[in-house]
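Open the model in your viewer and follow along. Each stop says what to select and what is there.

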Amino acid sequence: MELTFNKMTAAGYHAIEQEIEDLKQQRPERIKILAAAAALGDRSENAEYSSAKRDLGRLESRLRFLNKQLQYAQIVQPADNDQLDIGKFVTIEFLDDHDQITYQLVGKQEANLEQQKISFTSPIGQALANHTVGDVVTVNAPNGAYQVKVIAVKRAQ
């Protein structure tokens, strides 16, 4: 079986590292809350204990997940060229209504539309990969195909 790695930007990798550190700092307090709830007596009917145990379990589960993300991460440094690749910013124009928007192409675990970060594995990310300024690209999305024009491509600072 061949190992596959999760491509991501350096910023995405560091964000996961930071989340892990934040969760590690929360762990002692969650353990203390669980111990206090356990001291209240009968655990079978102790809502505080059940809740604290569930919260600690979620924290531990999240830590395991994030550590696996880092273990199988491959940080991608964008090439110094005009082709769109992970880590680069792209300004596109939707040809149907001529709206323009700038996105950063990122790893799938970093995607966040509110922050204008799109995954390189998304339909638009796959369609835009390796294109350059001036290219008209057809995006095959679940709700139908549409066309965009690449207006600008730039590297992250």
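**Stop one: a strand pair**

Select Gln 104, which stands opposite Lys 117 in S5. Strand S4 (residues 100-106) pairs with S5 in the parallel sense, over three bridges. Two strands pair if DSSP finds at least two bridges between them. Strands (E, at least two residues) and helices (H or I, at least four) are DSSP runs, numbered from the N terminus.

This is a predicted model: local features need pLDDT of at least 70, side-chain atom pairs count only at pLDDT 80 or more, and totals for chains, interfaces and linings use all residues. Residues are numbered from 1 along each chain as its sequence is written, and side-chain values use heavy atoms, leaving out hydrogens and water.

**Stop two: the whole sheet**

Now show the open sheet of five strands, ordered S5-S4-S3-S7-S6 with mixed pairing. Strands S5 (117-119) and S6 (136-141) stand at the edges; each has a single partner strand, so one side of each lacks a neighbour in the sheet.

**Stop three: aromatic rings**

Select Phe 94 and Tyr 146. Their ring centres are 5.9 Å apart and their planes at 35°, so the pair is tilted. Rings of Phe, Tyr and Trp (its six-membered ring) pair if their centres lie within 6.5 Å; planes under 30 degrees apart count as stacked, over 60 as edge-to-face and the rest as tilted. Phe 94 lies in strand S3 (residues 89-94) and Tyr 146 in strand S7 (residues 144-154), 52 residues apart.

Which is buried, and which partly exposed? Phe 94 is buried at 19% relative accessibility; Tyr 146, at 25%, is partly exposed. Buried means under 20% relative accessible area, exposed over 50%, partly exposed in between (1.4 Å probe, protein chains only).
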